[in-house]
Amino acid sequence: MSTRKRLRSGVQTLELVIAFPLLLITSLAIVQFAALSAFEATVEAAVAEAAREAAKTIDPMDAPQAALVTFNQAMQLHGLSTNTPKIALAVDQVGKHTVYGDPMFAPSPGSVMVGEVRVTAAISLQSAPTLNLLKTFGLDFDQRTIETTHVSGA
């Protein structure tokens, strides 16, 4: 084997040693953020559907329960409900703030106009079935929270 071929082989090995970790971290980040985006979209859709169902109720006193049932049904896709620790659902109506789930995790009351229902969900990613692939590299998603709000009117 010539000296030139051995030198080129060493350069290729060095390039692989440098490039492989970068490609691995990039690939893990793509998978991590895709899974996180899909979960966040599910939460947003669940909150929007809960707000619509709460706004459709004839009796305003039934709105919080309608929102709770709808939210829990939508979140069953991920095996979650308001009974799961570190998950809270807040339903705001004029003069009324109802919280389901973890009271220590409850979103603060929001303002609504007459005939509107505001539904807010707060979910710790520690409770969520999401991947945490980048924790080894110093990016820990367990300490993050997804909080989303939707307002719907009758």
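Good morning. I begin with T82, a residue in the loop between α2 and β1. The model is predicted, so local features need pLDDT of at least 70 and side-chain atom pairs count only at pLDDT 80 or more, while totals for chains, interfaces and linings use all residues. Residues are numbered from 1 along each chain as its sequence is written, and side-chain values use heavy atoms, with hydrogens and water left out.

Is T82 buried or exposed? T82 is buried, at a relative accessible area of 7%; buried means under 20%, exposed means over 50%, and partly exposed lies in between, using a 1.4 Å probe and protein chains only. Setting aside neighbours within four places in sequence, T82 is in contact with L68, F71, N72, I87, L89, Y100, G101 and D102, where contact means heavy atoms within 4.5 Å.

K86 sits in that loop between α2 and β1 as well. K86 is partly exposed, with a relative accessible area of 34%. Its phi is positive, about 65°, although K86 is not a glycine. Most residues other than glycine have a negative phi.

I turn to the overall arrangement. The secondary structure comprises two helices and four strands, and along the sequence the pattern reads α-α-β-β-β-β. The C-alpha trace spans about 85 × 25 × 25 Å along its principal axes. The radius of gyration is 23 Å, whereas a compact globule of 154 residues would have one near 15 Å; the radius is taken over C-alpha atoms, and the globule rule is 2.2 Å times the number of residues to the power 0.38. Buried residues account for 36% of the 154.

Next, the sheet. The four strands form an open antiparallel sheet in the order β2-β1-β3-β4; strands pair if DSSP finds at least two bridges between them. β2 (96-101) and β4 (145-153) are the edge strands, each with a single partner, so one side of each has no neighbour in the sheet. From one strand to the next, the twist averages 15°. Six bridges join β1 to β3, and D92 has R118 in β3 as its bridge partner. β3 and β4 pair over nine bridges; in β4, I146 is the bridge partner of I123, and T149 is that of T120. Eight of the nine residues of β3 are buried, so this strand is largely enclosed by the rest of the structure.

α2 lies across β1, β2 and β3, running at about 145° to β1; axes are lines fitted to C-alpha atoms, for helices over the stretch in contact, and angles run from 0 to 180 degrees between N-to-C directions.

Finally, the core. Which residues have the most contacts inside the largest nonpolar core? They are F39, F71, M75 and V119, in a core of 29 residues. Such a core is a set of buried Ala, Val, Leu, Ile, Met, Phe, Trp, Tyr and Cys residues joined through side-chain atoms within 4.5 Å. α1 (3-56), α2 (63-75), β1 (87-93) and β3 (116-124) each supply at least two of its residues, and α1 gives the largest share, 10 residues. Apart from neighbours within four places in sequence, M75 is in contact with F39, T42, V43, A46, L80 and I123. Thank you.
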